[in-house]
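Let us walk through this structure together, one part at a time. Have a look at the fold before reading on.

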Amino acid sequence: MSLFRLLFSFLSVVICQGEETALSIRQDFSNTDELLPGSQFGEKLRLFDFSTTESEIEPVEVFQSWDEGGLACVVWEAAVILAEHLAKSKRSWSKVRVLELGAGPALLSLCTGRLGALITVATDRPGHIECARDNIARNNLVDKVQVEPLDWTSDLQIHKIIAKYPDGWDLCIGSDLVYMETMFQPLLQTIEMVCGGLNTNTTILIAGKKRYRERFRKFRKLASSKFDITVHRKRDSHYILEMKPLDHNLLNNHQHAEEF
């Protein structure tokens, strides 16, 4: 077989595998009413107001485009639920350093920016961060919220985040991160590395929907080997996982962490 044919065969396999992966993801969500015509994903601009009876928060405007960005450029309900949870927190935000994983349109980062967090960094795969960047600029939060590329399978990008933000994080957040089993280990490894290993007081909050109970069980089992996990049950089968390192209570410089 000629070199050209070998190369052509290799590229065909790669393309087919990529298409199968994308198809698998689409099929994963195709059995839910979240994608039906007329759903919230059809709206190009969405306005979110997370004000509470105790505090008024300036609304955030989010541009989303299913046609241009697919799953990664729309606001899922889990992000709204976690943003509401954060807005109801009674803690002071002025010294809080926040890292968002899998930011997509960056609703969570916009929320913590509005709440007054010291710094928020929204991360996502390199091909998806423009959606976050545009929404941060749209809401005039470029001084409060930064954007960084972060592929959980890239040690180089992980170490760049660690080097650029040596003070670490008080809060690591994300929504709809638990759906592809092949990414469970890279996600947990990324959290462990960027949040300072197990020697940290970082609180991790991951929101999602129990679309696939077996996958959710597998993720909890895998994560429980390194993290203490509390499940907060929310509306419509949604949840918030609150995760802390198993030995966070044994730190030499232990301080009582405020609840998020």
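The largest nonpolar core has 37 residues, and among these Phe50 and Leu107 touch the most other members. Here a nonpolar core is a set of buried Ala, Val, Leu, Ile, Met, Phe, Trp, Tyr and Cys residues joined through side-chain atoms within 4.5 Å, and buried means under 20% relative accessible area, exposed over 50%, and partly exposed in between, with a 1.4 Å probe and protein chains only. At least two residues of this core come from each of strand S2 (60–63), helix H3 (77–87), helix H4 (107–115), helix H5 (129–138), strand S5 (145–149), strand S6 (171–175) and strand S7 (203–209). H3 gives the most, with eight residues. Helices (H or I, at least four residues) and strands (E, at least two) are DSSP runs, numbered from the N terminus. Apart from this core lies another, of 29 residues, including Leu99, Tyr165, Leu188 and Ile204. As general background, nonpolar side chains in soluble globular proteins tend to be buried together.

Before going further, please note that this is a predicted model, in which local features need pLDDT of at least 70 and side-chain atom pairs count only at pLDDT 80 or more, while totals for chains, interfaces and linings use all residues. Residues are numbered from 1 along each chain as its sequence is written, and side-chain values use heavy atoms, with hydrogens and water left out.

Now return to Phe50. Leaving aside neighbours within four places in sequence, Phe50 is in contact (heavy atoms within 4.5 Å) with Ile57, Val60, Val80, Ala83, Glu84, Ala87, Leu107 and Cys111.

Next, find the sheet. It is open, has seven strands in the order S5-S4-S3-S6-S7-S9-S8, and its pairing is mixed. Two strands pair if DSSP finds at least two bridges between them. S5 and strand S8 (227–233) stand at the edges with a single partner strand each, so one side of each is left without a neighbour in the sheet. On average, and with direction ignored, neighbouring strands of this sheet are turned by 20° against each other. Such angles run from 0 to 180 degrees between N-to-C directions, and axes are lines fitted to C-alpha atoms, for helices over the stretch in contact.

Two strand pairs show both senses of pairing. Strand S4 (residues 119–124) and S5 pair in the parallel sense over five bridges, and Thr123 has Glu148 in S5 as its bridge partner. From S4 the chain crosses through H5 to S5, in a right-handed β-α-β crossover; that is, with the strands pointing away from the viewer, the path from the first strand over the helix to the second runs clockwise. S7 and strand S9 (residues 238–245), in turn, pair in the antiparallel sense over six bridges, with Ile204 opposite Met243 in S9.

H5 packs on it, touching S4 and S5, and its direction makes about 170° with that of S5. H4 lies across strand S3 (97–100), S4, S5 and S6, and runs at about 175° to S4.

The loops deserve a look too. Most residues other than glycine have a negative phi. Ala106, in the loop between S3 and H4, has a positive phi near 70°. Asn140, in the loop between H5 and S5, also has a positive phi, of about 55°. Are these two residues buried or exposed? Ala106 is buried, with a relative accessible area of 0%, whereas Asn140 is exposed, at 69%.

Finally, turn to helix H7 (residues 184–194) and helix H8 (residues 213–223), whose axes come within 11 Å and cross at roughly 40°. Their contact is made by Phe184, Gln185, Leu187 and Leu188 of H7 and Arg215, Lys218, Phe219, Leu222 and Ala223 of H8. Eight of the 11 residues of H7 are buried, so this helix is largely enclosed by the rest of the structure. What covers those buried residues includes S3, helix H6 (155–164), S7, H8, S8 and S9. After H7 comes Gly196, with a positive phi near 90°.

Stepping back, the chain has eight helices and nine strands, and 47% of its 260 residues count as buried.
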